Amino acid sequence: MRILHVMRQAFDYTGIELHVYELSCEQLRLGHQVSVVAPIQGGDLRLRMLRAGLVVMQPAQALVEFKPELLHLHNAQVTPAEVTERVPTVATLHDAWDSVSRGKVRRWIVVRSDLERFVPSGAICIPNGFDLTRFYPRPLPETEMPRVLCIGNFRDKRRRAMLEDLLSQAERNEIALSLVGLGLARRVLRPGAAVFSMRWDIENLITLCTHTAGIYVGRTTIEGWLCSRPGWAYDENGRKDLLYPPGNTRDTYGIERVAQQVMSVYEQVLAGA
């Protein structure tokens, strides 16, 4: 099958981009032809995509040169209706704050069940997938206080309350805090917080922490669960819950199983179901 993944925006190593990378690599392994359309002009993630055998294309050339059999939209890429009329289209809603595509989507996927209300009825819930050879149970480090790892795009205003709460705890010496992400350089000038730029080897930082923190049940929470770490799940108002790894974490979030579920949706769409 010739599969074209499309993203509206892309940063190195944030959640949607990493999911598309993992899913595309697994689809390649299964014998499919896969291309990615994304405004990734440079950076390590683009190099990893190319080394994996993925074709990273610009929108204008993708439909003509790659000739996909199926189009998979991510983060609600707005695609002209005439394109989705010609190419069977699946769309994944990763976030409640995304807009819904104006094109003709044959089947919707949501990564969490609470997102089902934002898309037409009949959506199927399939979570983002993870490489279980990288994320697996690890012993907790010996630390004098909890060490919390928080990863994300901190330019996003939804993370402001979470960031302020974590920084306040770090200033009071209640936690040691490690922050990884975008938009941190000018905002985090307080004691008690270590700041890192986006990086590939997040599993190594998880090894050094006792907890994770993130907005809702996002990528960081699940990566922590897979490494046997509980996670603080915040909402945009700063309310939080401590969530422990569920018993079926590896069965639910492994990329092989997730890719099988996604391929099943593709096959239903192509069969006209």
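**Close-up views of a predicted model**

**View 1. Arg-112 and its surroundings.** A polar contact of 3.0 Å joins the side chain of Arg-112 to that of Asp-114 in this structure, which is a predicted model. Arg-112 belongs to the loop that lies between β6 (107–110) and β7 (124–125). When residues up to four places away in sequence are set aside, Arg-112 touches His-94, Cys-125 and Val-217.

**View 2. Strand β1 and the strands paired with it.** Strand β1 (2–7) is mostly covered, with 5 of its 6 residues buried. On one hand, 5 bridges join β1 to strand β2 (residues 33–37), and these two strands run parallel; within this pairing, Val-6 stands opposite Val-37 in β2. On the other hand, 5 bridges join β1 to β4, and here too the strands run parallel, with His-5 standing opposite His-72 in β4. In general, the side chains of a regular strand alternate between the two faces of the sheet.

**View 3. Two separate nonpolar cores.** The largest nonpolar core has 18 residues, and those with the most contacts inside it are Leu-4 and Trp-108. Two or more residues of this core come from each of the elements β1, α3 (59–66), β4 (70–74), β5 (89–93) and β6.

View 4. A search of the whole structure finds 0 disulfides, a disulfide being a covalent bond between the sulfur atoms of two cysteines. For Cys-209, which is in no disulfide, the nearest cysteine sulfur is that of Cys-227, 8.2 Å away. Cys-227 is likewise in no disulfide, and its nearest cysteine sulfur is that of Cys-209. Cys-209 is buried, with a relative accessible area of 1%, and Cys-227, at 0% relative accessibility, also counts as buried.

**View 5. Helix α7 and the residue after it.** Helix α7 (residues 219–226) is mostly covered, since 8 of its 8 residues are buried. The buried residues of α7 include Arg-219 and Glu-223, together with Ile-222, Trp-225 and Leu-226. After α7 comes Ser-228, whose phi is positive, near 70°.

**View 6. The ring pair of Tyr-21 and Trp-200.** The structure holds 4 aromatic pairs, and in one of them the rings of Tyr-21 and Trp-200 have their centres 5.7 Å apart and their planes at 90°, so the pair is edge-to-face. Because Tyr-21 lies in helix α1 (residues 15–29) and Trp-200 in the loop between β10 (193–196) and α6 (202–207), the pair ties together parts that are 179 residues apart in sequence. Tyr-21 counts as buried at 11% relative accessibility, and Trp-200 counts as buried at 18%.

Notes
Residues numbered from 1 in each chain as written. Predicted model: local features only at pLDDT ≥ 70, side-chain atom pairs only at ≥ 80, totals over all residues. Heavy atoms only, no water. Helix = DSSP H or I, 4+ residues; strand = E, 2+ residues; numbered from the N terminus. Polar contact = N/O pair within 3.5 Å; in protein donor to acceptor, adjacent residues only side chain to side chain. Contact = heavy atoms within 4.5 Å. Core = buried A, V, L, I, M, F, W, Y, C linked by side-chain atoms within 4.5 Å. Buried < 20%, exposed > 50% of the residue type's maximum accessible area, 1.4 Å probe, protein only. Pairing = 2+ DSSP bridges. Disulfide = S-S within 2.5 Å. Phe/Tyr/Trp six-rings, centres within 6.5 Å; stacked < 30°, edge-to-face > 60°.
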